[in-house]
Amino acid sequence: MNKEYRFQHKHLLEMGQLSAEDMLYVLSIARSFKEISARPIKKVPTLRGKTIINFFFEPSTRTRLSFEIAAKRMSADTFNISASTSSAQKGETLIDTARNLEAMSPDIIILRHPSSGSPLLLSQHVNAAIINAGDGTHEHPSQGLLDLMTVMEHKGRIEGLTIAIIGDIAHSRVAHSDIVGFTRLGAQVRVAGPATFMPPGIESLGAQVCATAAQAVAGADVVMALRIQQERQHDPLIPSLREYARFYGVSRKLLELAKTDVLIMHPGPINRGVEMNPDVADGTGSVILDQVANGVAVRMALLYLVMGGEKGGDTQ
Amino acid sequence: MSEITILQNGRIIDPANKVDQQGDLWLRDGRIVAPESLVPAGARCIDLQGKWVVPGLIDMHVHLREPGEEYKETIASGTLAAATGGFTAVACMPNTKPVNDTAAVTRFILEQAVQASARVYPVGAISKGSGGTGLAEYGELKAAGVVAVSDDGQPVVDSQLMRRAMEYAASHGLPVISHSEEIALSRNGVMNEGQVSTRLGLRGIPCAAESIMVYRELALAELTGARVHIAHVSTGAATDLIRQAKKRGVRVTAETAPHYFTLTEEAVAGYNTNARMNPPLRAEEDRQAIRIGLQDGTFDAIATDHAPHSVLEKQVEFDRAANGIIGLETSLPLTLALIRAGVISEARLVELMSTAPARILGVAGGSLAIGEVADVTVIDPERKFQLTEEGIVSQSKNSPFLGWQLQGKAVLTFLGGRITYNDLLTAQVDRLKAEGF
């Protein structure tokens with residue numbers, strides 16, 4: 001890596017804003033932070049005195065907890081606001097809420113919001129650094145980075161790998177961030193699912209659309225299944241979970257087509273027996289819990305980097 | 001004593017009378033009159049060397065927001081914006097609060113318009129409250145002053161209702177203006193469906209949502225023999241359908257808007273809510289197809305769909321923003337750009353922006369014939385200006401063209417012989433400054 005390199009981004013809004021060099025740099029920092037979580041005293045003073053607000057307009061357990069743990073391990077002060085406790089319930093606009101938060105001088109706002117593009121809107125109206133923790137069906141960049149980190153840890157590289165993503169690509173911000181991230185680092189990304197799950201023009205992001213799960217999985221180094229949402233109204237995407245599981249569920253049999261050392265991934269939460277069989281989720285090659293562990297490290301790295309990457313204390 | 005204005009040495013472009021020549025135009029007591037050999041004492045003479053003199057522009061599709069949403073626009077502010085953009089008349093859509101579905105609302109609008117800076121032609125609702133069930137009282141609406149009916153903004157879902165609307169409107173001599181949208185396909189969509197919507201993670205509206213409904217309207221016009229006007233066409237597919245229908249003699253007219261021949265879906269990048277409207281900005285091939293439709297006569301009119309919204313509706317998350325943009329002050333410059341691009345001629349611009357709208361709505365203007373109302377627009381095709389929020393006259397500033405450097409604009413607008421907008425002096429000062437004075 002270029003010695004002159006500096007991470008230049010004040011906000012993390014989407015994978016699309018990061019160069020390959022940026023992504024590799026985040027991963028290298030995350031790798032160095034990962035060890036902190038293994039210490040008996042899991043805390044460094046790097047972000048002491050920084051105020052971080054977790055601003056979640058959608059229900060989330062693991063992402064919010066992951067960011068909160070990351071912030072606390074860096075000694076930042078964290079506060080959680082969720083949609084049910086925020087003034088959004090009282091009709092306040094996102095911008096007004098943001099300005100009110102701004103008046104309390106937070107350093108970082110981590111936003112989860114159902115509207116695509118809302119982190120960008122927020123970044124235009126506040127001085128705090130904004131980290132997108134999932135916006136609509138747009139992106140979930142910290143998840144994209146933790147997926148890169150997990151594959152990198154196990155395969156030692158991203159370039160040249162074949163990544164198969166199976167499921168509802170159209171409604172998945174994780175798939176979007178992963179396609180951008182893996183493609184930018186030189187992997188080939190294949191996507192598969194019924195056509196009702198394929199967004200128009202997904203090829204323009206660099207993904208190759210496969211007609212069947214078997215085609216996508218054939219010779220793949222990584223197979224990722226996405227959570228199938230059951231709650232979409234007025235839009236018949238699949239006839240039943242049963243039929244979906246039969247044709248697109250990731251099973252041991254399907255995985256026989258992949259490389260023998262295939263990694264199994266899932267952004268969670270899993271519908272066991274629908275998009276992925278339990279023996280696959282818990283079996284050899286499954287790195288699903290590594291993803292969760294790496295999530296904390298990646299988020300520690302992101303908090304550190306958007307704060308300018310200053311060494312506020314001992315990170316060793 | 002009569003009031004006489006003589007517009008001297010302008011290029012008079014009047015396709016309705018097959019005129020395109022240098023000359024003088026005389027306005028007397030609100031009418032266009034034949035020039036006389038002697039200039040009468042007290043006549044106001046304006047030298048318009050280098051300018052175009054055309055029949056007053058007519059925008060057949062605007063939203064004036066009054067009654068009900070006066071914080072966005074009023075009949076006064078909207079018509080002032082119209083005069084500024086060179087328009088002498090506008091047809092206002094019925095989706096006010098309350099909906100213009102009764103003569104009382106029509107009369108209210110016309111009373112408010114008495115002092116307005118442009119003629120206001122109310123469009124009545126197709127169905128009661130634009131609710132999609134039951135016909136509004138077209139006879140009474142027409143007697144009160146409506147010039148057409150439309151449920152603009154609320155597509156007519158029920159095909160039988162649309163059929164009856166066409167038949168019944170024909171009995172009262174009113175055209176039906178169709179907002180063509182199959183809402184089962186467009187539901188929840190916020191921009192064109194395609195690569196860009198996928199990249200931005202926004203729900204898409206496929207082109208088929210428009211073309212399916214345009215096909216229905218054409219089939220119903222054919223069935224009933226009534227005439228239909230297709231509003232704000234955005235897709236190449238719908239343009240093709242209209243072209244074919246016209247060839248086989250269906251009584252259809254159609255309009256498109258400047259944003260559809262100027263911008264594409266790429267304008268949404270950055271989640272720009274001023275690039276959100278319905279129908280949405282489409283792909284480049286659609287933009288090209290719309291331009292061809294303007295060239296070959298598939299489109300009869302250019303209308304703005306002027307849709308003022310305040311920051312309350314626009315400074316929000318993209319998928320929560322209101323649809324619509326203002327257009328009255330940018331329509332002429334954007335259409336003049338089509339001339340410079342070789343897409344249309346000067347005469348065709350006048351047809352699209354004045355003559356055809358007057359004919360479709362059956363209203364005054366659209367022509368500079370002797371005896372016509374003295375609604376006249378003077379255009380300086382060279383004049384350059386930058387569109388800024390401060391410069392916009394409309395009460396709302398929701399334009400995707402903010403910051404654009406535009407060329408060509410109205411510099412003088414006459415409504416019944418009375419000046420409603422005058423920018424000649426500013427132009428002169430600018431020129432003198434440019435020449436170093």
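Predicted model: local features only at pLDDT ≥ 70, side-chain atom pairs only at ≥ 80, totals over all residues.

For contacts, I count two residues as touching if their C-beta atoms, placed from the backbone, lie within 7 Å.

**Entry 1: B:V378.** Which residues does B:V378 contact, leaving aside its neighbours within four places in sequence? I get B:L7, B:G10, B:L48, B:K51, B:W52, B:V53, B:A410, B:V411 and B:L412.

**Entry 2: the largest core.** I looked up the largest nonpolar core next, and B:V378 turned up again. Of its 112 residues, B:V378, B:A91 and B:V149 touch the most other members. Helix α13 of chain B (residues 346-361) is the top contributor to this core, giving 8 residues. Domain 1 (4-53 + 372-434) and domain 2 (57-361) of chain B both supply residues, so the core lies between them. There is another core apart from this one, with 111 residues, and I noted A:L121, A:L226, A:Y244 and B:L200 among them. As a general reminder, nonpolar side chains in soluble globular proteins tend to be buried together.

**Entry 3: the two domains of chain B.** How far apart are the C-alpha centres of domain 1 and domain 2 of chain B? They lie 26 Å apart. The contact uses 28 residues of domain 1 and 39 residues of domain 2. I then checked which elements give two or more residues to the domain 1 side, and found β16 (376-386), β17 (405-415) and β18 (418-422) of chain B. The largest share of that side comes from β17(B), with 7 residues. By class, I have the domain 1 side down as 15 nonpolar, 10 polar and 3 charged residues.

**Entry 4: chain A against chain B.** On to the contact between the chains. I find 22 residues from chain A and 18 residues from chain B in it. On the chain B side, helix α6 (residues 195-200) gives the most, with 4 residues. That side of chain B splits into 5 nonpolar, 7 polar and 6 charged residues.

**Entry 5: helix α3 of chain A.** Which residues of α3 (residues 94-102) in chain A are buried? I list A:L94, A:A98 and A:L101. Looking down the axis of α3(A), I see these buried residues fall within an arc of 60°, so they line one face of the helix. What do the buried residues of α3(A) pack against? My note says β1 (51-56), β3 (108-113) and α4 (118-123) of chain A.

How values were computed:
Residues numbered from 1 in each chain as written. Chains lettered and ligands numbered in written order. Nonpolar A, V, L, I, M, F, W, Y, C, P; charged D, E, K, R; others polar. Buried ≥ 20, exposed ≤ 12 C-beta atoms within 10 Å, placed from the backbone. Arc of directions from axis to C-beta. Core = buried A, V, L, I, M, F, W, Y, C linked by C-beta atoms within 7 Å. Domains from an automatic or database assignment.
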